[in-house]
Amino acid sequence: MAARLLGIRAVAYEPHPFFATISEAKANSSRYWASLPSIHAAIGRGILRRNRDTFTLSQSAEVFLAKMFRPEDLAALLSARRELEENGLGENPLAILVLSRILDHCCFAATDGIYKAPTSTKRALSPQEATSKVLATLLEDEREALAGPHGCEIHEKSSELMTELEDSSVDVVVTSPPYLNNFDFAEMTRMYLYFWGLAGSWGEITDRVRSLLVVNTTTALKGHKERQADYRSSLPLEVRVAADKAVAELSSRKAEKAGKKDYDLLVYPYLSQMQAVLRECVRTLKPGAPFHMMVSDAALYGVHLPAPQWLAFIMQHIGFVDVHCEIVRPRGHRWVLEKREGSALGLGEYYVFGRAC
C-alpha cells in the first residue's frame, strides 16, 4: 500500500490466507471500490435478517466465537456473511475487509497484547453501529484508497520460493519477517479464520495456516521436529556454531521448566527458512539494488537469540554486499518483565541493510 502511494509498482508475498486477502483489498482497493455500495447494502440486509440458520459452524468455531460475541450479534454477522455470498460478494476482498472490521468492533473480548483474550472484556458496538463506523472510516480514506497505480501483485505463498520473479528483475526489497519470538500469527487471527470458514479447528489452523509460515512459534512445529538436522546442516558454519550454543542452552532450560516449551526446536528451522527467503531476494534483485529489513532479537527462557546478527551474517555468506545491522529502538518492557524472561543484553528492533552484488 505504501508503494502504491509512492507510485511504485509492487510485488508482495503473503502465505497467510486472511492477511493475503486483506492486503489485496488495501493494495488494490480501486479494483473493488465500485462495489462498496453493494457491500454496504448486503451487510445491512443481512444484519436486519439475523438469520444464521443456513450456517453450520464447527464445534470449535462455535465455542470460540461464543466467547467473543453476543448470540444475537453473531447471528447478525453470520447472516451478513451469507448475504454477501448470495450477492456474489463472498470472495470480494473489500467485502471481507469491511465485515472483518465490523467483527472487530462487535467483539466484546479484549486483547492480551494482540491475541484475543475471551476472559477479559471491552465495550462492543452493535452490528449497526459498527457498520456505520467502518463505512465512515472508509469514506474518509477514499482519496488515499484510490490514489496511485493499482497493479500490485500479491502472491498467496511463502517468499522462500519466488518463481514468479526473474533473476535480477527487482529494484528494491523491503521486508519485516516474523521475529524469532514465539508469536503465533495464526492464533492472532483465529476469530477471522473461524468466522470466514478458513479453518474449523485448532488442527486445521495448523494444517492450513501455520504450516505455510516461517517457523517462529512452538505451535507450528508439526513436520519440523524431524528435520532439525537438515535445517542445521543448511546453515553457514559460523551461524551453525552460534545456533548450536543457543539450542543447547534452550534445551537445558526446557528440562528445568514446568511447561517444557520446545523453543530449542525453533532456531534451526527459522534460520534455514529465512536463509531461503534471503537467497530468493538476492537472486531477484538487480545488481547493486538495496535490501531493507526490520527484524528483532528475542529471549526465550531468558536465552538471548541475536536473530538480526545471524541473518546479517547469512546475507554476507550468500552474496549480499555492504551488509550492516543497527538497532533502531529498544523493545518495550512487556517483553522482559512478568510474562517473559528477558535478556541481560536487552532486546531491540534492528534495521538490516544489504545490496545485491
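How far apart are the mean positions of the positive and negative charges of the protein chain?

**Figure 1. Overview of the predicted protein chain.** The mean positions of the 42 positive and 43 negative charges are 3 Å apart. Lys and Arg count as positive and Asp and Glu as negative, while His and the chain ends are not counted; the place of a charge is taken as NZ of Lys, CZ of Arg, CG of Asp or CD of Glu. This is a predicted model, in which local features need pLDDT of at least 70 and side-chain atom pairs count only at pLDDT 80 or more, whereas totals for chains, interfaces and linings use all residues. Residues are numbered from 1 along each chain as its sequence is written, and side-chain values use heavy atoms, with hydrogens and water left out.

The protein chain has 15 helices and 10 strands; helices (H or I, at least four residues) and strands (E, at least two) are DSSP runs numbered from the N terminus. Its radius of gyration is 22 Å, close to the 21 Å that the globule rule gives for 357 residues, so the chain is as compact as a globular protein of that length. This radius is taken over C-alpha atoms, and the globule rule is 2.2 Å times the number of residues to the power 0.38. Along its principal axes the C-alpha trace spans about 65 × 50 × 35 Å.

**Figure 2. Surface and contacts of the protein chain.** Of the 357 residues, 50% count as buried, a term that means under 20% relative accessible area, with exposed being over 50% and partly exposed in between (1.4 Å probe, protein chains only). The accessible surface comes to about 16,700 Å², and 54% of it belongs to carbon and sulfur atoms; such areas come from the Shrake-Rupley method with a 1.4 Å probe, and for residues only the protein chains shown count as cover. Contact means heavy atoms within 4.5 Å. Among contacts between residues at least 6 apart in sequence, 77% join residues at least 24 apart.

**Figure 3. Close-up of helix 5 (residues 71–86).** Helix 5 has 16 residues and reaches 22 Å from its first C-alpha to its last, close to the 22 Å expected at 1.5 Å a residue. The expected span is 1.5 Å times one less than the number of residues. The buried residues of helix 5 include Asp73, Leu74, Arg81 and Leu84. Its buried residues pack against helices 3, 4, 6, 7 and 10. Gly88, whose phi is positive, near 70°, follows the helix.

Figure 4. Ser100 counts as buried because its relative accessibility is 3%. Leaving aside neighbours within four places in sequence, Ser100 is in contact with Phe18, Tyr192 and Trp196.

Figure 5. With a relative accessibility of 11%, Thr206 counts as buried. Thr206 touches Ser211, Thr219 and Lys222, not counting residues up to four places away in sequence. Thr206 and Ile43 are 163 residues apart in sequence and 30 Å apart in space, C-alpha to C-alpha.

Figure 6. Asn182 is not a glycine, yet it has a positive phi of about 65°. Asn182 is placed in the loop between strand 5 (173–175) and helix 9 (185–188), and at 14% relative accessibility it counts as buried. Asp322, also not a glycine, has a positive phi of about 55°; its place is in strand 9 (residues 320–330).
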